[in-house]
Amino acid sequence: MKKTMRSMTFLAMSLCVLNTAHAYKLVIYTDEAVTNKSDEVAKLMKSTYPFSKYDMEVEVVRVPPTDIECESTNGIDRLVTCKNAEDIQAKAMKRGGDQAMIVKNISKYGGSSGVGGGVPVITTGTPARAMVHEFLHTLGLCDEYEYAAEEAAGYCNNPSSKPNVTFITPQSAYASDAVARNRHSGEIPWYRDILDTTPITSSFMLGTGVVDFKKPAAVNDSKEGQVLGEPTGLFQGQVCNKATPKRISWHPGGGSTIMDKTASGLGAPLEKIVDRIMASKGAHKKLVVEEPKENTEKPAVSNDKNNAGEVVVKSDPQPEVNDTSRNMFKSFFTWLKDIFQQIMNVMPK
Amino acid sequence: MLKSLYLITILAVVLINSQTSFSQEMKKELGICGKTFSTLMKISPKADPGFNESLLTEEEFCDNGRYEQGANYIISLYNAKDQLVYDKRIFLNNLTFQESSDPKTGVFKKTKITEGSNSRILKFPVSSDMGGVTSYKIESLDAKKTYSKKKIKW
């Protein structure tokens, strides 16, 4: 049996190596003499769920400090930006990268990033987890902490909903949860994640609840999502509280996430959202080969563990995948048809 | 049993690596495949969006990400005969967030949000039946505007 398992593992590994679907490649450029922070970032990017379920390749490239022109901007200390981010991106592109990152060897500054693009940057004086926060900005996610009045004035004037933030001015009261759902479902980007059993109103007021920013979401460095984590709902946030006029923001989770503090995890609701974004970018999910368990262990509880030793492809159902089996048969018959056509062509000769 | 599994492995390897129409069809089902066309797309408030640097390599790229979540741009690729050969919906924002955090608590202390230029790496497959790609067109879904077609500078 063990031999069979080994063979299956070998088969899966061979297929993994030969798989043509591309790994999502991050290229980290750094001017560190010893790449401690960059290695920490690389490890973190690969181990943080949901990135851990994808085929993520991370390459650390050491360059001279002159190649990374990063400095504080607009006279504001602790904020850093890099002038030659485009050159860095072009270099990363030539290495087959999908996303460039910069770890700048400065101890006194913070980090910076471009939302939905650009190059996420952190300094060696910044916690490595800040890079996950900045990278999530490049995927389109917005901050969840409260902006100072001057930033709120610019950002919150005409805010549009983002994957993890929406802006809804609630009515004074709702007759029922169904009424609130009918009224606002189209304004909630994560509405599909809210179960029927999770209300989006409480005491006839909009909101599953208010975000408890003192409750950090657990850091998840496994390959599985937090299935038993908090349910996705509609929680009132604070990002635009200081805007004039005040704009009410709403988030999918009820706790502090990494978009609020770098020490927090993503939390179950954000994990689902980020997972979908990564899948939509064409990142390839890993083939998970579970190690055979010894019989001395107690019977496993979950179905996954009962199937230990089998090749398990963890993937969420996606609409375009539904026809795969049918299409593979179609492909097979196309191939057979080609062979018969070739035989028929040869026959008269 | 073991021999059969090894035989299956070898056959699978041969099949996946082969250039038969079956394997090609299979690859197409997994995503549109071809040579890798990488480019750097740039947006700027002062100029039309465009490709800054472009590169075509022989490495095979299967695109499973033609429809990015929250896409706000549609990129269309054209061949020398001016035929539309590929399109892709991508997300690229023009906001830049600069932030600093307390290294001990992880609490964000300062933030600056600016609106301006931004860029990102894009990848496209260029299969043999496309007849190559020579030009591109960008459509902004936010601005509801289609920018004029441009030649790809290799």
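The legends below describe a predicted model.

**Figure 1. Leu95(B) in strand β5 of chain B.** Leu95(B) belongs to strand β5, which spans residues 95–101 of chain B. The relative accessible area of Leu95(B) is 15%. Because buried means under 20% relative accessible area, Leu95(B) is classed as buried. The view also includes Thr114(B), which lies 19 residues from Leu95(B) along the chain. The C-alpha atoms of Leu95(B) and Thr114(B) are separated by 5.6 Å.

**Figure 2. Strand β1 of chain B and its pairing with β2(B).** Strand β1 of chain B covers residues 32–43 and is mostly covered, with 9 of its 12 residues buried. Strand β2 of chain B, residues 50–63, pairs with β1(B) in the antiparallel sense, and the pairing extends over 10 bridges. A hairpin is formed by β1(B) and β2(B), with 6 residues between the two strands. Within this pairing, Ile32(B) is found opposite Asp63(B) of β2(B). In a regular strand, side chains alternate between the two faces of the sheet.

**Figure 3. Strand β1 of chain B and its pairing with β7(B).** Strand β7 of chain B, residues 118–126, is also a partner of β1(B). The pairing of β1(B) with β7(B) is antiparallel and comprises 9 bridges. Here Lys35(B) faces Val126(B), a residue of β7(B).

Figure 4. Chain B contains 2 helices and 10 strands. Read from the N terminus, the elements of chain B follow the order α-α-β-β-β-β-β-β-β-β-β-β. Of the 154 residues in chain B, 47% are buried. Among the contacts of chain B with a separation of 6 or more, 54% involve residues 24 or more positions apart.

**Figure 5. The crossing of helices α2 and α4 of chain A.** Two packed helices are described by the angle between their axes and the distance between the axes. Helix α2 of chain A comprises residues 36–47, and helix α4 of chain A comprises residues 129–138. Their axes come within 9 Å and cross at roughly 55°. This angle makes α2(A) oblique to α4(A). The crossing of α2(A) with α4(A) is right-handed. On the side of α2(A), the contact is made by Val41(A), Leu44(A) and Met45(A). On the side of α4(A), the contributing residues are Arg129(A), Met131(A), Val132(A) and Phe135(A). By class, the contact between α2(A) and α4(A) holds 6 nonpolar residues, no polar residues and 1 charged residue.

**Figure 6. Helix α4 of chain A and the residue that follows.** Helix α4(A) is mostly covered, and 10 of its 10 residues are buried. The buried residues of α4(A) include Arg129(A), Glu134(A), His133(A) and His137(A). Also buried in α4(A) are Ala130(A), Leu136(A) and Thr138(A), among others. Gly140(A) follows α4(A) and has a positive phi, near 110°.

Figure 7. The secondary structure of chain A consists of 9 helices and 17 strands. Buried residues account for 49% of the 349 residues in chain A. Of the contacts in chain A with a separation of 6 or more, 65% are between residues 24 or more positions apart.

Terms used: Residues numbered from 1 in each chain as written. Chains lettered and ligands numbered in written order. Predicted model: local features only at pLDDT ≥ 70, side-chain atom pairs only at ≥ 80, totals over all residues. Heavy atoms only, no water. Axes fitted to C-alpha atoms, helices over the stretch in contact; angles between N-to-C directions. Helix = DSSP H or I, 4+ residues; strand = E, 2+ residues; numbered from the N terminus. Parallel < 35°, antiparallel > 145°, perpendicular 65-115°, else oblique. Left-handed = near helix turned anticlockwise from the far one by under 90°. Contact = heavy atoms within 4.5 Å. Nonpolar A, V, L, I, M, F, W, Y, C, P; charged D, E, K, R; others polar. Buried < 20%, exposed > 50% of the residue type's maximum accessible area, 1.4 Å probe, protein only. Pairing = 2+ DSSP bridges.
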